[in-house]
Amino acid sequence: MNGLEIGRLLRAGNTGCVVGCRVTQLAAPAFGGLVRIPLDDAYQVFGLITDIHIADDGLVRQLVTYEDVPADVILDNRVNRNVPVEISVLFVGFEQSGRISHLLPPTPPLTLDLMYACTPAEIRTFLSAGRFGYLRHVLRSLDLPVGELLAAHLQQAAPAMPSEWLASAMQELITLLRDDYATLMSVLGALSDIHLPDSTPGGA
């Protein structure tokens with residue numbers, strides 16, 4: 001079972017990719033969410049959503065100058081727009097022949113490959129495969145809002161993990177950032193705003 005489809009790959013590099021999707025697919029992806037891109041039956045790439053960019057086009061530029069835009073025109077533009085929503089993804093690991101690694105993938109996905117949102121079971125499988133090794137990919141990305149990204153990711157992942165996982169993740173971040181006080185304070189500030197749903201961690 002593939003899970004919830006988000007979109008198709010526009011471009012990729014060694015450390016990440018950009019995926020295009022329709023506005024109607026925006027219910028699936030979320031900032032900080034864990035996603036996967038299967039390349040074949042034995043190999044897939046995992047990543048975190050780091051940005052969701054909604055670009056304009058010529059029609060939108062005209063419509064924003066109108067005083068009263070009809071609701072049906074707005075709906076039509078959102079559903080039938082030619083410019084895709086762009087989702088940036090940071091690679092954090094891969095699975096090959098059933099074995100998960102938190103290293104960068106040896107081969108990036110190709111254009112038009114499909115990307116899927118990870119299910120709770122897939123989140124547990126990926127995050128349980130190592131001891132938070134994937135976090136270093138986030139911490140080295142100085143052009144990203146690291147604190148907000150980590151907070152969003154941990155908030156979404158925690159309900160799928162055992163109850164002690166979140167505390168362990170926070171302790172690991174403190175250890176990794178012990179020599180970078182400014183980043184540590186930024187991360188801890190964002191993590192302090194995490195609100196978990198009233199559900200049992202590790203649920204299906």
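The structure holds four aromatic pairs, where rings of Phe, Tyr and Trp (its six-membered ring) pair if their centres lie within 6.5 Å, planes under 30 degrees apart counting as stacked, over 60 as edge-to-face and the rest as tilted. A pair of aromatic rings is described by the distance of the centres and the angle of the planes. For Phe132 and Trp165 the centres are 6.0 Å apart and the planes stand at 40 degrees, so this pair is tilted. It links distant parts of the chain, with Phe132 in the loop between α3 and α4 and Trp165 in helix α6, 33 residues apart. Phe132 is buried, at a relative accessible area of 7%, and Trp165 is buried, at 7%. Buried here means under 20% relative accessible area, exposed over 50%, and partly exposed in between, with a 1.4 Å probe and protein chains only. One aromatic cluster is formed by Phe46, Phe126 and Tyr134.

Before I continue, a word on the basis of these values. This is a predicted model, in which local features need pLDDT of at least 70 and side-chain atom pairs count only at pLDDT 80 or more, while totals for chains, interfaces and linings use all residues. Residues are numbered from 1 along each chain as its sequence is written, and side-chain values use heavy atoms, with hydrogens and water left out.

I turn to the nonpolar cores. A nonpolar core is a set of buried Ala, Val, Leu, Ile, Met, Phe, Trp, Tyr and Cys residues joined through side-chain atoms within 4.5 Å. Which members of the largest core touch the most other members? Of its 35 residues, these are Phe126, Leu127, Tyr134, Leu150, Leu154, Trp165 and Leu173. At least two residues each come from β4 (43-53), β5 (85-96), α3, α4 (135-139), α5 (146-157), α6 (165-176) and α7 (181-191). Helices (H or I, at least four residues) and strands (E, at least two) are DSSP runs, numbered from the N terminus. Helix α5 gives the largest share of this core, six residues. Leaving aside neighbours within four places in sequence, Leu150 is in contact (heavy atoms within 4.5 Å) with Leu135, Val138, Leu139, Leu173, Val187 and Leu191. A second, separate core of 17 residues includes Val35, Ile49, Phe91 and Met115.

In helix α3 (residues 120-127), the buried residues are Glu122, Ile123, Phe126 and Leu127. Seen down the axis of α3, they fall within an arc of 120 degrees, so they line one face of the helix; the arc is that of the directions from the helix axis to the C-beta atoms.

Finally, the strands. Strand β2 (residues 16-21) has six of its six residues buried, so the rest of the structure largely encloses it. Gly16, Val18 and Gly20 point one way from β2, and Cys17, Val19 and Cys21 point the other way. Two strands pair if DSSP finds at least two bridges between them. Strand β1 (residues 4-12) runs antiparallel to β2, joined to it by four bridges, and Leu9 stands opposite Val19. A hairpin through three residues connects β1 to β2. With β5, β2 pairs in the antiparallel sense over six bridges, and Gly20 faces Glu86 there. Strand β3 (residues 34-40) is antiparallel to β4, with six bridges, and a hairpin of two residues joins them. Two bridges join β3 to the antiparallel strand β7 (residues 114-117), where Arg36 stands opposite Tyr116.
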